[in-house]
Amino acid sequence: MRRVGCDYRCLLIPAALAFFYIQMRLFVTQSEYEDRLAAAIESENHCTSQSRLLIDQISIQQGTIVSLQEQNKRQSEECRQLKALLEDLERKGLKKLVDKVPVAAVVIMACNRADYLERTIESVLKYQSSVASKYPLFVSQDGTDPNVRSKAMSYDQLMYIQHLDSKPVHTERPGELIAYYKIARHYKWAMDQLFYKHNFSRVIILEDDMEIAPDFFDYFEAAAALLDKDKSIMAVSSWNDNGQKQFVHDPYELYRSDFFPGLGWMLTKSIWDELSPKWPRAYPFSIENHKGRQFIRPEVCRTYNFGEHGSSMGQFFQQYLQPIKLNDVKVDWKSRDLSYLMKDKYTKHFANIVRKAKPIQGTDAVLKASNIEGDVRIHYKDQPDFERIARQLGIFQEWKDGIPRTSFKGVVVFRYQTTRRVFLVGPDSLRQLGIKDARNI
């Protein structure tokens, strides 16, 4: 019996130890579970908090979006109202500037040279103020230069228009300057604005580096009548490429030219109707657009180009632009008979002048010309020969589109040393002028 009780007690000890072990494991497991549960609850609370924060942020963003949408609506409405106001002001401003049918709108093409623009505007206003109703003045800016915009808008006597173009420029040939493409875009936009939006019948185009002569506006008013009567005249220019002081004399003399002079020129709406739809991406004033038509140009320039910097003509400035003679004679163009410039008269008129000039031949023709009184003519065989002679005389050597600058029927005319005229005559010029056996006259 005692042995049995001892054995029972011996069994109780391991059982107690096992029970104690199990209890300890249960306690540890329970503690771990409670920790995990607490962590889960904490994580859930954090997620709930984050969710609520995200919901709050979304609500705020939705509120901001709604606010921005409302602001955009208000701004759109304000822009619409401002645009309507601007158009109304343009109409009123244009009505104020123009109280009768104008001869032509005058537009100064500008970009990023505020100092040059100011000098040009001041020069134009000096002579435009007395005839402002005939020649309403515009400044058309290409781009967003703030100084140019501010300068243009500081003048009450003109209207400011702005060309904004963010489209990338892709040149047709490697190495081309994109400036020529941007200029072409700006010109088309400005001409469309003036001819189609403002409905002018003629436009005079100036650049932002030009001064004008005292008779600039009288000259163009007289020329406007020629443009209207003679459809073989494509445009009238105030410029002569060979208008340097040593090569000009007569402020009354005008010529027809197959070469587009530019640099202060006037064209009509009917011509623009033709040009606008097919306006080239660059170099818009090429010979292929002329269709056999010609240009009127003066012997003595009515514009002076002072743009040494930032101009496409900068490379020629010292030699060709700086010495230009700006006319300082107040010509009474209304009293001048310009009918000799009409197509049916001019070829005969010009041929008679060329025919009377003394022909000079030989490689020393330039030297001979210096020792002969009266007008002379020197014949050139081809472009290299022309360039050789022009280089000796000091006039423009460059050709464009297969013809020399300023030429009519291949003839280039200028004054030389005195009031005498020198005619550089091309190989086919005499035939085109209807002069027979002229070399021997």
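Asp-364 and Lys-368 form a salt bridge, with their closest N and O atoms 3.5 Å apart. A salt bridge here is a side-chain nitrogen of Lys or Arg within 4 Å of a carboxyl oxygen of Asp or Glu. The model is predicted: local features need pLDDT of at least 70, side-chain atom pairs count only at pLDDT 80 or more, and totals for chains, interfaces and linings use all residues. Residues are numbered from 1 along each chain as its sequence is written, and side-chain values use heavy atoms, with hydrogens and water left out.

**Overall make-up**

- The protein contains eleven helices and 16 strands; helices (H or I, at least four residues) and strands (E, at least two) are DSSP runs, numbered from the N terminus.
- Of the 441 residues, 45% are buried, where buried means under 20% relative accessible area, exposed over 50%, and partly exposed in between (1.4 Å probe, protein chains only).
- Among contacts (heavy atoms within 4.5 Å) with a separation of 6 or more, 73% are between residues 24 or more positions apart.

**Salt bridges**

- The whole structure has 24 salt bridges.
- Side chains of opposite charge can pair when their charged atoms come close.
- Asp-375 forms a salt bridge with Arg-421, the closest N and O atoms being 3.3 Å apart.
- This pair links distant parts of the chain, 46 residues apart: Asp-375 is in the loop between α9 (365-370) and β12 (376-379), and Arg-421 is in strand β16 (residues 421-425).
- Arg-421 is buried, at 14% relative accessibility.
- Within it, Glu-176 and Arg-173 have their closest N and O atoms 2.9 Å apart; Glu-176 is buried at 13% relative accessible area, whereas Arg-173 is partly exposed at 44%.

**The eight-stranded sheet**

- Eight strands make an open sheet with mixed pairing, in the order β3-β2-β1-β4-β8-β6-β9-β7; two strands pair if DSSP finds at least two bridges between them.
- β3 (158-163) and β7 (254-257) are the edge strands, and each pairs on one side only.
- On average, neighbouring strands of this sheet are turned by 25° against each other, direction ignored.
- Strands β1 (residues 105-110) and β2 (residues 137-142) pair in the parallel sense over five bridges, and Gln-141 in β2 is the bridge partner of Ala-110.

Key
Axes fitted to C-alpha atoms, helices over the stretch in contact; angles between N-to-C directions.
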